[in-house]
Amino acid sequence: MNKKLYIYGVIFAVLAVAPAFLNPYWVDVLNNVGLYAILGLSLNLIVGHAGLFNLGHAAFFAVGAYTAAILNTLYGIPVLWLLPACALTAGLFAAVIARPIIHLRGDYLCIVTIGVGEILRIALTNDVFGITGGPNGIFGISRPTVFGYVIRKPHDFYYLIGAFLMVTIFLFHRLENSRFGRAVNYLREDETAAEGSGIDTSHYKLAVFVLGAAWAGMAGDIFAAKMTIIAPESFNFWESVVMFAIVILGGSGSIPGVLLGAVLFVGLPEVFRDFADARMLIFGAAMVIMMIVRTEGILPQQPRAYALPEARNAGGNP
Amino acid sequence: MSLLGLQNLTKSFGGLMAVNEVSFDVEQGTIVGLIGPNGAGKTTVFNLITGNHRSDRGTIRFEGKDITNWLTHRIVRLGIARTFQTIRLFQNLTVIENVLAGCHCRMNSGSIPAMLRTPGERREEREALARALDDLAFVGLQGQEMQLAKNLSYGSQRLLEIARALASEPRLVILDEPAGGMNGQETEALIGTIRRIQQRGITTLLIEHDMSLVMKACEKIVVLEYGTKIAEGPPEAIQGDPKVIEAYLGMED
């Protein structure tokens with residue numbers, strides 16, 4: 001346990017000073033890794049913990065990004081102030097679409113979420129309600145400011161995204177190790193037994209779906225602020241696939257696994273730019289090998305620790 | 001007033017009448033056995049009581065309250081817990097977490113208190129853990145808290161299901177073939193456990209094929225055949241009942 005903390009401490013320290021030694025391009029790569037890590041963690045609640053196959057997570061990301069873009073460009077509200085609004089709209093959107101479909105199992109739910117993602121992307125492309133800017137999207141989103149300091153360069157965004165990622169890890173770690181976290185695991189393991197043990201399974205499915213979507217909405221806000229331009233093509237099916245693969249490959253239900261997944265899926269392709277043509281081939285092969293030799297992911301979920309009294313651990317009779 | 005009362009409970013699957021006009025009462029504090037040949041509709045009766053199936057007709061009352069066709073988790077919260085005929089544990093989770101599943105409905109903290117680790121949430125977690133450990137020890141599985149459920153022996157898995165059911169602090173516990181797959185020694189121990197459940201003031205309704213267990217443990221027995229109740233009474237009366245003998249052994253020519 002202490003060894004683990006030591007390793008995390010070293011990684012944290014290296015990442016904290018890394019931008020000082022990197023050019024803006026590589027810092028931007030790390031920013032993307034961070035953003036996908038946040039998205040991966042939010043999807044991990046739904047896919048990894050609750051076992052609900054969601055292949056349309058980019059839709060909630062998009063709802064958050066567009067909420068930020070529209071409210072910022074039309075009303076000039078600072079983007080960081082819009083975080084709760086983005087969480088709310090993405091969460092609400094998830095609640096509305098999930099309500100009728102959440103009882104679907106496995107692949108059926110998967111197909112419907114793909115549909116939802118595509119419908120949203122096409123609606124955005126067709127300038128729905130005349131406020132999404134059509135295929136060109138929305139531009140001119142203002143830079144975020146923190147206490148008067150304008151976040152502009154990749155180096156600045158690095159610390160903003162890093163801070164958001166740290167908060168996400170901290171809160172999700174606590175959420176995992178709680179009544180809520182256990183409840184969603186129960187329904188992943190055996191829905192009938194969960195219901196039979198007194199867990200309101202439909203409530204928890206909906207709750208975890210909405211929570212994951214709301215978090216993706218907040219990531220969308222940061223994304224919009226970082227890019228200053230957003231367009232429907234940033235939220236296509238491929239994005240959902242990447243998020244899904246990060247969770248499955250990295251380790252379903254495991255925070256370190258998802259973080260590693262984000263590094264592998266978003267960071268490595270940049271390191272191996274020279275082999276860009278072979279990227280899909282390598283990903284595909286890696287995916288196939290993983291599914292055969294290590295279905296639970298590279299860093300799988302570990303059993304939760306509980307503060308058991310010593311006497312009980314020893315199993316001695318009084 | 002009886003703890004649980006079934007009146008004219010009926011359920012058919014397509015053309016098959018699985019449960020047909022079944023009525024019986026379970027008195028507070030007793031151990032009642034539900035027996036019958038395979039396919040008699042025993043498990044269907046259990047599934048109707050716990051809300052896994054919706055009944056076609058008839059009512060189910062628990063402590064005077066009509067709970068017919070309630071959602072399962074609400075029924076558990078009201079005080080009826082069950083185990084399953086085919087073991088349904090959370091196989092990839094630890095033993096202690098399986099028991100904590102039962103504690104869930106007696107806790108209140110949601111996602112936000114969990115993320116903030118409020119004092120109330122911490123206290124609730126501590127209390128639930130203590131209760132879960134007590135119930136594990138009650139069925140004799142102390143010391144195996146951190147094992148994965150799937151690594152337990154068959155008999156231990158059955159006991160773990162009982163511990164999970166007890167953790168929900170039920171007033172009625174429904175056991176579906178608790179001795180299934182157990183050896184003679186384990187079955188003897190199980191009878192002791194069922195009696196100790198009774199001493200805790202919890203009423204038990206069980207399905208069992210092991211007649212030695214049923215005759216020893218149960219104060220009342222209800223017999224089903226082809227979805228219909230054919231007999232009801234104390235073990236001695238049931239053993240001598242010609243209709244029951246006929247159902248189990250067939251009729252003489």
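Q: Let's start with chain A. What percentage of its 318 residues are buried?
A: Buried residues account for 47% of the 318 in chain A. Keep in mind that this is a predicted model.

Q: Noted. Which secondary structure does chain A have?
A: Chain A has 13 helices and four strands.

Q: And how does its radius of gyration fit a compact globule?
A: It agrees: a compact globule of 318 residues would have a radius of gyration near 20 Å, and chain A has 20 Å. The C-alpha trace spans about 70 × 50 × 45 Å along the principal axes of chain A.

Q: What about contacts along the sequence in chain A, say between residues at least 6 apart?
A: Of those contacts, 79% join residues at least 24 apart.

Q: Now the two chains together. How many residues does each give to the contact between A and B?
A: Chain A gives 29 residues and chain B gives 36. On the chain A side, α6 (154–176), α7, α8 and α9 (201–227) each supply at least two residues. The largest share comes from α7(A), with seven residues.

Q: Changing topic, what's the strand order in the six-stranded sheet of chain B?
A: The order is β6-β7-β8-β3-β9-β10 in an open sheet with mixed pairing. The edge strands are β6 and β10 (228–233) of chain B, each pairing on one side only. Neighbouring strands are turned by 20° against each other on average, direction ignored.

Q: How do β3 and β9 of chain B run, parallel or antiparallel?
A: Parallel, with four bridges joining β3 (residues 31–35) to β9 (residues 220–225) in chain B. In that pair, B:Val32 stands opposite B:Lys220 of β9(B).

Q: Which strands does helix α1 of chain B touch on the sheet?
A: Helix α1 (residues 42–49) of chain B touches β3, β6, β7 (172–176), β8 (203–207) and β9, and its direction makes about 145° with that of β7(B). Helix α7 (residues 184–199) of chain B also packs on the sheet, touching β3, β7 and β8, at about 150° to the direction of β8(B).

Q: Last one: how is chain B divided into domains?
A: Domain 1 covers 1–79 + 177–253 and domain 2 covers 86–169. Their centres, taken over C-alpha atoms, are separated by 26 Å. The contact between the two takes eight residues from domain 1 and seven from domain 2.

Q: Which element gives the largest share on the domain 1 side?
A: That is α2(B), with three residues. By class, this side of domain 1 of chain B has three nonpolar, three polar and two charged residues.

Conventions: Residues numbered from 1 in each chain as written. Chains lettered and ligands numbered in written order. Predicted model: local features only at pLDDT ≥ 70, side-chain atom pairs only at ≥ 80, totals over all residues. Rg over C-alpha atoms; globule rule 2.2 N^0.38 Å. Buried ≥ 20, exposed ≤ 12 C-beta atoms within 10 Å, placed from the backbone. Pairing = 2+ DSSP bridges. Axes fitted to C-alpha atoms, helices over the stretch in contact; angles between N-to-C directions. Domains from an automatic or database assignment. Nonpolar A, V, L, I, M, F, W, Y, C, P; charged D, E, K, R; others polar.
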